[in-house]
Amino acid sequence: MSFPSGHSSISMYGMLFLALYLQAAVRTETTLLKPLLQVVSVSLSLFVGWSRIADNKHFLTDVLAGFVLGAIFAWFVAFEILKLFAIRIRKPKVYTLLPQQQRTSASDE
């Protein structure tokens with residue numbers, strides 16, 4: 001037993017950072033795909049914390065403290081160090097999850 005849970009903090013950091021990155025840098029044609037991936041990633045982190053409690057490796061307070069610590073670090077890295085949402089201002093290459101349809105102009109027909 002240790003305080004806070006290192007497994008919980010690392011998993012929350014990684015999955016929350018992934019969710020923030022998906023929000024900032026990925027565009028989709030569908031409105032459901034990106035939020036679904038974000039919920040799945042954070043849910044995987046919650047599953048790690050639950051498994052630590054279920055295996056009697058940590059108390060609930062250890063896991064909650066690990067989640068808070070990981071979330072703080074993910075927020076700090078994303079917004080303060082990397083300025084993740086400044087991507088929209090600089091307009092770099094943006095990744096898409098679904099292939100883009102080719103638009104045809106009237107002169108091509």
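Me: What share of the protein's contacts with a separation of 6 or more comes from residues 24 or more positions apart, and what makes a pair count as a contact?

Reply: Residues 24 or more positions apart supply 77% of the contacts in the protein that have a separation of 6 or more, where a contact means heavy atoms within 4.5 Å. This is a predicted model, in which local features need pLDDT of at least 70 and side-chain atom pairs count only at pLDDT 80 or more, while totals for chains, interfaces and linings use all residues. Residues are numbered from 1 along each chain as its sequence is written, and side-chain values use heavy atoms, with hydrogens and water left out.

Me: Where in the protein is confidence lowest, and where is it highest?

Reply: Confidence is given by pLDDT, the predictor's confidence in each residue on a scale from 0 to 100, and the protein averages 80, with 77% of the residues scoring at least 70. The lowest mean, 52, belongs to helix α4 (residues 87-90), whereas the highest, 90, belongs to helix α2 (residues 33-54).

Me: How many helices and strands does the protein have, and what makes a run of residues count as one?

Reply: The protein has 4 helices and 2 strands, in the order α-β-α-α-α-β along the sequence. Both are DSSP runs numbered from the N terminus, a helix being H or I over at least four residues and a strand being E over at least two.

Me: Why is V40 called partly exposed?

Reply: The relative accessible area of V40 is 42%, and a residue is buried under 20%, exposed over 50% and partly exposed in between (1.4 Å probe, protein chains only), so V40 falls in the middle class. V40 lies in helix α2.

Me: Why is F3 called exposed, and which residues does F3 touch?

Reply: F3 has a relative accessible area of 59%, and it is therefore classed as exposed. F3 lies in the segment before α1, and, leaving aside residues up to four places away in sequence, F3 touches T61, D62 and A65. F3 and L64 are 61 residues apart in sequence, and their C-alpha atoms are 9.8 Å apart in space.

Me: Which residues form the largest nonpolar core, and what makes a set of residues a core?

Reply: A nonpolar core is a set of buried Ala, Val, Leu, Ile, Met, Phe, Trp, Tyr and Cys residues joined through side-chain atoms within 4.5 Å, and the largest one here has 7 residues, namely F17, L20, A24, A74, V77, A78 and L84. Two or more of these residues come from each of α1 (6-25) and α3 (60-81). A74 touches Y13, L16, F17 and L20, not counting residues up to four places away in sequence. In soluble globular proteins, nonpolar side chains tend to be buried together.
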